[in-house]
Amino acid sequence: MVFKKLMQAMGVGGPSVETVLANPNCRPGGFLEGQVHVIGGDHAVDVEYVAIGLMTRVEVESGDSEYNTNQEFHRQRLTGSFRLDPGARYDVPFRFDVPWETPITEVYGQRLHGMTMGLATELEVARAVDKSDLDAVMVHPLPAQERILDALLRLGFRFSKADVERGRVYGVQQHLPFYQEIEFYPPSAYASGINQLELTFIATPQNLQVVLEIDKRGGFLTEGHDAFGRFDVDYATVDQVDWAGQLDNWLRQSAQRRGLFF
């Protein structure tokens with residue numbers, strides 16, 4: 001009997017949990033729908049709750065070093081406590097709101113290199129090991145984000161990689177404790193003055209905040225410097241703006257202020 005209780009406390013023979021998404025594709029500010037299936041094991045258990053949460057990989061700077069960690073950034077409890085009999089099935093339908101600031105993971109049908117995103121399901125069982133499940137989620141850009149990305153590609157910039165960094169962006173309305181940076185290689189027209197271009201989106205229900213950073217190429221006797229730009233995109237009028245022209249103008253002005261000319 002003691003051995004059986006020990007095995008139960010270790011989760012052996014306990015319930016299992018599986019999440020089935022109706023569609024793993026979503027956009028910032030959208031939602032995910034699905035069902036969580038909880039299947040009883042070989043003994044009755046008291047389930048304290050079932051919860052789901054979005055997780056991504058975040059880069060953290062600590063002193064002179066940095067490391068990556070998985071971070072849950074939005075969570076929703078789906079149930080309270082309930083009794084789960086042996087072999088019983090408990091289905092929990094859900095609709096999960098995706099935060100507006102959620103990093104994007106897919107562009108033009110391709111995964112952004114360096115990005116991970118998953119929906120984690122947690123089954124908390126009294127006096128036993130937690131059960132969990134993780135399902136991949138694909139976050140596609142908002143139409144306004146697509147317009148900015150399209151403009152950069154028309155200018156000749158090419159995707160390099162993307163990551164998520166813990167911290168805050170100065171001068172923007174931000175709720176999550178991290179932000180995404182999408183890095184681009186410059187085209188030949190800009191390569192004399194730019195090592196790389198970094199793009200950050202901070203979306204809100206009202207507008208899209210865009211932050212650009214260019215890394216200036218340093219010479220033999222000069223240091224490289226970063227230049228920042230920030231602007232808001234109105235969802236209602238995004239299609240009325242020549243974004244390629246706007247971005248080209250900002251890049252050239254930023255470079256000229258630092259003595260560079262394309």
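## A valine in a loop

Where is Val 169 found? Val 169 sits in the loop between strand S13 (158-166) and strand S14 (178-185). Helices (H or I, at least four residues) and strands (E, at least two) are DSSP runs, numbered from the N terminus. This is a predicted model, in which local features need pLDDT of at least 70 and side-chain atom pairs count only at pLDDT 80 or more, while totals for chains, interfaces and linings use all residues. Residues are numbered from 1 along each chain as its sequence is written, and side-chain values use heavy atoms, with hydrogens and water left out.

Is Val 169 buried or exposed? Val 169 counts as buried because its relative accessibility is 14%. Here, buried means under 20% relative accessible area, exposed means over 50%, and partly exposed is in between (1.4 Å probe, protein chains only). Leaving aside residues up to four places away in sequence, Val 169 touches Gln 174, Tyr 179, Thr 200 and Val 211; contact means heavy atoms within 4.5 Å. Thr 200 is 31 residues from Val 169 along the chain, and their C-alpha atoms are separated by 9.0 Å.

Now look at strand S4 (residues 45-62), which runs antiparallel to strand S6 (residues 82-84) and is joined to S6 by 3 bridges. Two strands pair if DSSP finds at least two bridges between them. Within this pair, Val 45 stands opposite Leu 84. S4 also pairs with strand S10 (residues 117-125), in the antiparallel sense, over 9 bridges; there, Gly 53 has Ala 120 as its bridge partner.

With strand S5 (residues 65-77), S4 makes 12 bridges, again antiparallel. Arg 57 faces Asn 70 of S5. The hairpin of S4 and S5 has 2 residues between the strands, and in this hairpin Gly 63 takes a positive phi near 65 degrees.

## An open sheet

Which strands form an open sheet? Three of them do, in the order S1-S3-S7, with antiparallel pairing. Strand S1 (16-21) and strand S7 (89-97) are the edge strands, since each pairs on one side only. On average, neighbouring strands of this sheet are turned by 20 degrees against each other, direction ignored. Such angles are taken between axes, which are lines fitted to C-alpha atoms (for helices over the stretch in contact), and run from 0 to 180 degrees between N-to-C directions.

Strand S3 (residues 31-39) and S7 are paired over 9 bridges. His 37 has Asp 91 in S7 as its bridge partner.

## The nonpolar cores

In soluble globular proteins, nonpolar side chains tend to be buried together. The largest nonpolar core has 62 residues, and Val 36, Val 137 and Leu 199 touch the most other members. A nonpolar core is a set of buried Ala, Val, Leu, Ile, Met, Phe, Trp, Tyr and Cys residues joined through side-chain atoms within 4.5 Å. S4 gives the largest share of this core, 7 residues. Domain 1 (1-139) and domain 2 (143-256) both contribute residues, so this core lies between them; the domain bounds come from an automatic or database domain assignment. Apart from it lies another core, of 5 residues, including Val 172, Tyr 179, Ile 202 and Val 211.

## A tyrosine with positive phi

Most residues other than glycine have a negative phi. Tyr 108, however, has a positive phi, near 55 degrees. Tyr 108 lies in the loop between strand S8 (106-107) and strand S9 (110-111), and is partly exposed, with a relative accessible area of 47%.
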